Amino acid sequence: MSQTTALLYERLGRREGITRITADLMKNHLANPLLKTRFENSKDLARVERRAVEFFCAGSGGPETYSGQDMVNTHRGMNISEQEFIAATDDVMAALEKNGIDAPTRNDVLAIFWSLKGGVIRV
Ligand code: HEM
């Protein structure tokens with residue numbers, strides 16, 4: 001199977017790769033001046049990270065089940081801005097690049113993230 005037709009889940013390195021990417025994503029958020037307080041204020045960052053792994057696995061075609069709430073209910077009342085959304089997307093792209101994910105795959109992830117913005121920004 002060629003790079004671009006393999007399931008996104010496979011191209012991200014399955015659960016193992018997605019777990020590493022998500023750990024780097026959390027590190028990036030905690031180091032990002034535009035986002036860090038949001039995540040420092042979380043009551044249970046380990047749970048957020050675990051759920052994010054599930055979400056990315058399930059959303060990329062893996063067999064995992066996402067046990068969290070949908071995007072609107074997760075982010076409701078946080079008043080997340082467009083600027084924060086872009087900052088979070090940059091953190092995702094950096095985490096993918098750090099883990100050696102190729103450009104076509106990064107673009108696929110970018111498109112999926114962008115499609116979710118209506119459930120995240122100012123909901
Ligand atoms: C498409 C983009 C996004 C996706 C797919 C996403 C996904 C998620 C997921 C799966 C969780 C875990 C839910 C749970 O623990 O049950 C979560 C939590 C969270 N998200 Fe997002 N998110 C996105 C954008 C953002 C943005 C832009 C911000 C703003 C900084 C943000 C802030 C948060 C915070 C603070 C939490 C933790 C809430 C808590 O402590 O319970 N998210 N997000």
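Biologist: Is Arg11 buried or exposed in this model?

Modeller: Arg11 is buried, because its relative accessible area is 14% and the cut-off for buried is under 20%. Keep in mind that this is a predicted model.

Biologist: Where does Arg11 sit, and what does its side chain contact?

Modeller: Arg11 belongs to helix 1, which covers residues 8-11. Its side chain makes a polar contact with the side chain of Thr105, at 3.1 Å. To read such a contact, look for a pair of N or O atoms within 3.5 Å.

Biologist: How do I read Arg14 by accessible area?

Modeller: Use the cut-offs again. Arg14 has a relative accessible area of 45%, so it is partly exposed. That value falls between the 20% and 50% limits. Arg14 is part of helix 2.

Biologist: What should I look for in phi?

Modeller: Most residues other than glycine have a negative phi. Now turn to this structure. Arg14 has a positive phi, near 55°, and is not a glycine.

Biologist: Which value does phi take in Asn79, and where is that residue?

Modeller: Phi of Asn79 is positive, about 55°, and Asn79 is not a glycine either. Find Asn79 in the loop between helix 5 and helix 6.

Biologist: Which elements line the largest pocket?

Modeller: Helix 2 (14-31), helix 3, helix 4, helix 5 and helix 6 each give two or more residues to that lining. Helix 4 has the largest share, six residues.

Biologist: What classes of residue make up that lining?

Modeller: Count by class. The lining of the largest pocket has 18 nonpolar, 11 polar and six charged residues.

Biologist: Where is the ligand?

Modeller: The ligand takes up the space of the largest pocket. The elements that give two or more residues to the shell around the ligand are helix 3 (36-40), helix 4 (45-59), helix 5 (71-75) and helix 6 (82-98). Helix 4 gives the most, four residues.

Biologist: Which residues come nearest to the ligand?

Modeller: There are 20 residues around the ligand, and Ser42, Arg47, Arg51, His75 and Ile80 come nearest. By class, the shell splits into 13 nonpolar, three polar and four charged residues.

Biologist: How much space lies in the second largest pocket?

Modeller: The second largest pocket has about 240 Å³. Its lining has 15 residues, with Leu12, Phe56, Ser60, Val109 and Phe113 closest to the centre. At least two lining residues come from each of helix 2, helix 4, helix 6 and helix 7 (103-115).

Biologist: What classes of residue line the second largest pocket?

Modeller: The classes there are 13 nonpolar, two polar and no charged residues.

Key
Residues are numbered from 1 along each chain as its sequence is written. This is a predicted model: local features need pLDDT of at least 70, side-chain atom pairs count only at pLDDT 80 or more; totals for chains, interfaces and linings use all residues. Side-chain values use heavy atoms; hydrogens and water are left out. A residue is near a molecule or strand if one of its heavy atoms lies within 4 Å of it. On a 1 Å grid over the protein atoms alone, a cavity is a set of points where a 1.4 Å probe fits but cannot get out, and a pocket is an open set with protein on both sides within 12 Å along at least five of seven lines; lining residues have an atom within 4 Å of a point. A molecule sits in a cavity or pocket if more than half of its atoms lie within 2 Å of its grid points. Ala, Val, Leu, Ile, Met, Phe, Trp, Tyr, Cys and Pro count as nonpolar, Asp, Glu, Lys and Arg as charged, and the others, Gly among them, as polar. Grid points are joined across faces, edges and corners, and a volume is the space filled by probe spheres set on the points. Buried means under 20% relative accessible area, exposed over 50%, partly exposed in between (1.4 Å probe, protein chains only). A polar contact is a pair of N or O atoms within 3.5 Å; within protein, one must be able to donate a hydrogen and the other to accept it, and residues adjacent in sequence count only if both atoms are side-chain atoms.
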